[in-house]
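This briefing covers strand pairing, nonpolar cores and salt bridges, in that order.

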Amino acid sequence: MRRWSVLAVAALLLWTMRAVAAEKPIAFSVHSAKSGNWSEASTWREGRTPAAGENVQIAPGTTVTYDVANGPDLRAVHVAGTLRFSREKSTVLSAGLIKITPGEACSEDGFVCDAHVAPPVAPAAGASQGDRPALEIGTADQPIPAGIKATIRLVYFDGMDKETLPAIMSCGGRWDVHGAPMNRTWVKLGADAKKGETAITLAEPVTGWNVGDRVIVTSSSEVYGYSDTFRSKPGKPAKTNTEERLITAIDGVTIQLDKPLAVAHLGHGDYRAEIANLSRNVVVESADPAGVRGHTMYHAGSTGGISYAEFRHLGKEGVLGKYAIHFHLVRDGMRGSGVIGASVWDSQNRWVTIHGTDYLLVRDCVGYQSVGHGFFLEDGTEQYNIFDRNLAVQAYRGKRLKGQVLGFDNNEGAGFWWANGRNTLVRNVSCENDRYGFKFELRGKMESRLRMPDGELRTVDTRTLPFIRFEENEAHCDGLYAMNFGDESNANPSVRGDVSHPFIARNLKVWESHYVLRPNLQFFLLDGLDVWNAVYGIYNPDYDAHVYRNIHFDHVVSEPINRGLDDTDEQRGSFTYENVTIENCRTGRDPIIQMSITSPRVGQSGHFKNLVLRNCKSNANVVDLGGGPRNTRIANGVAYYFHGYPTPADVTKIVSPKNPEMMKDAEYQPIKDFTGKDARGAVVTGVPFPTLLTPIDDLPPATTIRSVQKVNDKLIVIGLSQDNGDVASVTVNRVPATILSSSTGLTEWRAQLDAPADGILTASAIDRAGNVEKNVHRLSGSW
């Protein structure tokens, strides 16, 4: 007890000292006196420009244009007015702390906003900013143009807190970071790229890519051994096949690289590697990547957004909250904003972290090399965020972070990690991430107070919230699991939908994988899965009210369809498979379809319909108990029914002789080329193909206003609505919007209307099921 008391007192003293230091205001030696250029002495109260090591304040009410090609290293820059980067010349700003916060004073703390400053309530995207302090590196409407480069270098100074600095922080301010747009930041290859070649053919033309840009060509072959995924050492694995190169020439869809490729990359057919551009003309970086790295944050009350910017060499390894890009407890204050077209690479702590924040859009981003999970939703309270068409490459194994909110997260390296189903993930690709491509994880009791679709706050069990949308995602060459949903501990079932509200995934693609999909949740519908070159297909499933449709396995070398909970050998409920094609599978000792031997509940079964097998061979035949550990505590036997297989007109029931009580209703026999040594079959009648799930759509859409522009005395409002079904209509101030496109649950729209007299815009949607959005998006501004 005495030792604990001493440690506790020491920790309290250290915390107190740091808190006092954080509250101590910075002494500024240079202040802006009026609006003007940074390089002009007359802009500054002291009659001179800032010098190396100084603390600088952009005073309230002033706008300073940063126009210095390579200025001195500054200890701190307090943006209480507006600091705007030049759009006419290339610039570099180096600083230990850039804090965007209102008021005359701020502290030298790179994580906590100053307690004595009450941040203003953030207007929604596009609203008038008023006197809000702002760091403006381009805007969404007027980005830093191509040919001009703007760079922020985060510099560590002696005496700074290494845990929180250097940093960029928005505390109730506006931080806009916008580079020259690209039509695509990554694309699929259009032809095979052979070892030794320097030319890459793209599947589609790109704009905004330039000679000298840094690109990666992703792996198309799995290089991880099974043991590699259990490395205890964090960081980059010994061998990967993703290659980094520079562009030397661009001719249509052909790109020339500075060095020959070391390995081949697939670029034809349905399974192709990607090429991604890491370079942008707006850069935020650590000045000394091998030393003390920086991080960036948006706090509650902040606004702004990021597009086509490059964040490199950031993140503090092993330190909670110090990430490359971090939205921290913003809730819905930045509704309609997000991160578009960014590249985040060589991060020692995640790429994009959304914590306690809702309604953000992360689209067309490239994440490359991160310690710990890459695209990350932190504590399970995040809702209505959209991850669309992002590329996640090489999220490495990390360690648990001290003080992390969800203790069950081992931070083992997932391209995408989230713990609340009420978000949308569509058209994303993961590659060569250490353990998971996509990891949806919840364990134990998880009750949170969340904003519900009707706008009210209620306490709900987060484990019961199905996906808004998980569709058209792809994973290849990831370390252990391509996709992993639910509670991996195989403990008592906890992640669950219901018959009317199952977890739904659609049109997934997985190739060059060890485990394709591990679904440890109840009430699950998978409609569309295409698999090529994998060890296991559906692995360790819970099988409690699971429905699988339109499944294709090609070259799966162990078990395309695994038994319930694998080595636990327990099927918790019933399942169905419909329209399943399995081809070119050589599984050795393992059957093509592995049976479960027992269930904790009476009368559970599995059903197969429209099953097609081509060129498959197994020593255990098509269906059997298979190898591995067996559950010796047989409580209730499980029956598998094959509707129209192996004989088209019959229903064949398969049971195991290890469950003799299951064999009393018919004469069960081995079936040549179908049953293995521990399976027997009989033709039965009167067994319909069951309907286990009847999904309904009673979730309203969620709408965000993305931008507002005034053109010829009219407002042009651009927005995005998401839905688990299909959006039927969108209105802005009761004016119908024009639907521009609709795919994977995302509806892009445009409305034209007169500026409202009260300055308030209200956008909402109705879906085809008749659900009316009640938690509408409202924003006000001086239009």
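Strands β4 and β6 (residues 82-85) pair in the parallel sense over four bridges; strands are DSSP runs of E of at least two residues, numbered from the N terminus, and two of them pair if DSSP finds at least two bridges between them. The model is predicted, so local features need pLDDT of at least 70 and side-chain atom pairs count only at pLDDT 80 or more, whereas totals for chains, interfaces and linings use all residues. Residues are numbered from 1 along each chain as its sequence is written, and side-chain values use heavy atoms, with hydrogens and water left out.

**Parallel pairing around β4**
- Thr-63 has Thr-82 in β6 as its bridge partner.
- Strand β2 (residues 36-37) also runs parallel to β4, joined by two bridges, and Gly-36 is partnered with Val-64 in β4.
- Strand β4 (residues 63-66) has a covered face formed by Val-64 and Tyr-66 and an uncovered face formed by Thr-63 and Thr-65.

**Antiparallel sheet**
- Six strands form an open sheet in the order β12-β17-β14-β15-β16-β13, with antiparallel pairing.
- Its edge strands, each pairing on one side only, are β12 (186-188) and β13 (199-201).
- Three bridges join β12 to the antiparallel strand β17 (residues 274-277), where Glu-274 stands opposite Lys-188.

**Nonpolar cores**
- The largest nonpolar core has 119 residues, and Phe-485 and Tyr-640 have the most contacts inside it.
- Apart from it lies another core of 23 residues, including Leu-257, Leu-261, Ile-275 and Leu-720.
- A nonpolar core is a set of buried Ala, Val, Leu, Ile, Met, Phe, Trp, Tyr and Cys residues joined through side-chain atoms within 4.5 Å; buried means under 20% relative accessible area, exposed over 50%, and partly exposed in between (1.4 Å probe, protein chains only).

**Salt bridges**
- The count comes to 44 salt bridges, each being a side-chain nitrogen of Lys or Arg within 4 Å of a carboxyl oxygen of Asp or Glu.
- Glu-244 and Arg-214 form a salt bridge, with their closest N and O atoms 2.9 Å apart.
- This pair links distant parts of the chain, 30 residues apart: Glu-244 lies in strand β15 (residues 243-251) and Arg-214 in strand β14 (residues 214-217).
- Glu-244 counts as partly exposed because its relative accessibility is 26%, and Arg-214 does so at 30%.
- In the salt bridge between Asp-461 and Arg-463, the closest N and O atoms are 2.7 Å apart; Asp-461 is buried at 14% relative accessible area, and Arg-463 counts as buried at 12% relative accessibility.
- Asp-569 and Arg-563 meet in a salt bridge at 3.8 Å, N to O, and both are buried.
- Salt bridges that share partners join Arg-397, Glu-412, Arg-435, Lys-439, Glu-488 and Arg-518 into one network.
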